Amino acid sequence: MKRSRVLSVLAASLIAVSLLAGCGNKDAGKSAKPSFPTKEINLVCGYAPGGSSDLIDRALIQSMNKSLAHPIVIVNRDGANGTVSLADVAKAKPDGYTLVHGVSGHFLTEPIINKGVRYKQDDFEFLMNMTTEPIVLTVNANSPYKTWDDIVMASKEKSVVFRYSTSGMGSLIQLSAAYMFQQGGINAQPVPFKGNAPAVTAILGEHVEIGTSHPAEVLPHIKSGKLIPIIISSSTRFNELPNTPTMKEKGFNVDLGVKKFIMAPKGLSPEVKQVLTASMRAAIEEPDFKKKMADLHIMIDYMDAKQLEDYINVQKPIIQKLIDDLKKEEAKQ
């Protein structure tokens, strides 16, 4: 009897311990919540609502919010071509709860042209590049020059000087076009306008021989047959212009355009960075995001932090030289 009672008590004790351990594991499971994020994340966009940067960001966070414990919200803080937002975020706490929308011009043109910018590249942690808006060169359908090779030949063999419309001197579009012409050995003269719309109007009206713009601005005119695209600055062909060759296909190591990406203040922990980049990577692979970019006529261009940083660093001396050459030309005049 005594032996039986001892065994019964021992068995009861073991069951109790097991139940307590099970309860403890359940409680531990309930408390094992993600350490990041534990609250809303602000993504600061330095451009007004409704612009391409704002629309890209909104499409991105709509997809990202499916995988994060707390949502990302857009904070529009426009001013000085987005540089105000970068200056503000550069001073924010590097905890992952404040992100900022960046464009390549923030590090390629703005620090050179605008000495008053209150940030530097080292203030930020690159996370991921989302899209690119390359430069496409177009000619009027009535032009005798229908291809890039036609223009190269006319410039070299007939000394033709080609005028090209641009949205403004010193803009990334103008500097990119100048570099493309330089690489091709084409003698080209910029004709600046106040904005993209009048620059497109100029090529439609045959007031210049070549137009320079982003694809979205000229696709309707290309589809209607009024303009002919001759070359594009992206590293791969644009799917809406499948017959338009890239500069790389012509033998030039050119990948120019407006890259748009997400950054955080410098000092982000590896764990937080991993959560954010994994969510971003999944987001840009989502069909919804791809469709929205297609509707905006914008190329998806995934680059991780290292690839993006390398890209910016390679482009810096190119843009610096183009701006220096531009200043020399202005000094002569």
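These legends describe close-up views of a predicted protein model.

**View 1. The whole chain.** The protein chain carries twelve helices and eleven strands; these are DSSP runs, helices being H or I of at least four residues and strands E of at least two, numbered from the N terminus. Of its 333 residues, 46% are buried, where buried means under 20% relative accessible area with a 1.4 Å probe, protein chains only. Contacts are heavy atoms within 4.5 Å. Among contacts with a separation of 6 or more, 77% link residues 24 or more positions apart.

**View 2. Strand β3, covered on both faces.** Strand β3 spans residues 98-103, and six of its six residues are buried. One side presents Thr98, Val100 and Gly102.

**View 3. β3 beside β1.** Strand β1 (residues 41-45) pairs with β3 in the parallel sense, over three bridges. Pairing requires at least two DSSP bridges between two strands. Asn42 has Thr98 of β3 as its bridge partner.

**View 4. β3 beside β10.** Strand β10 (residues 257-265) runs antiparallel to β3, joined by four bridges. Val100 has Met263 of β10 as its bridge partner.

**Notes.** Residues are numbered from 1 along each chain as its sequence is written, and side-chain values use heavy atoms, without hydrogens and water. In this predicted model, local features need pLDDT of at least 70 and side-chain atom pairs count only at pLDDT 80 or more, while totals for chains, interfaces and linings use all residues.

Technical notes: Buried < 20%, exposed > 50% of the residue type's maximum accessible area, 1.4 Å probe, protein only.
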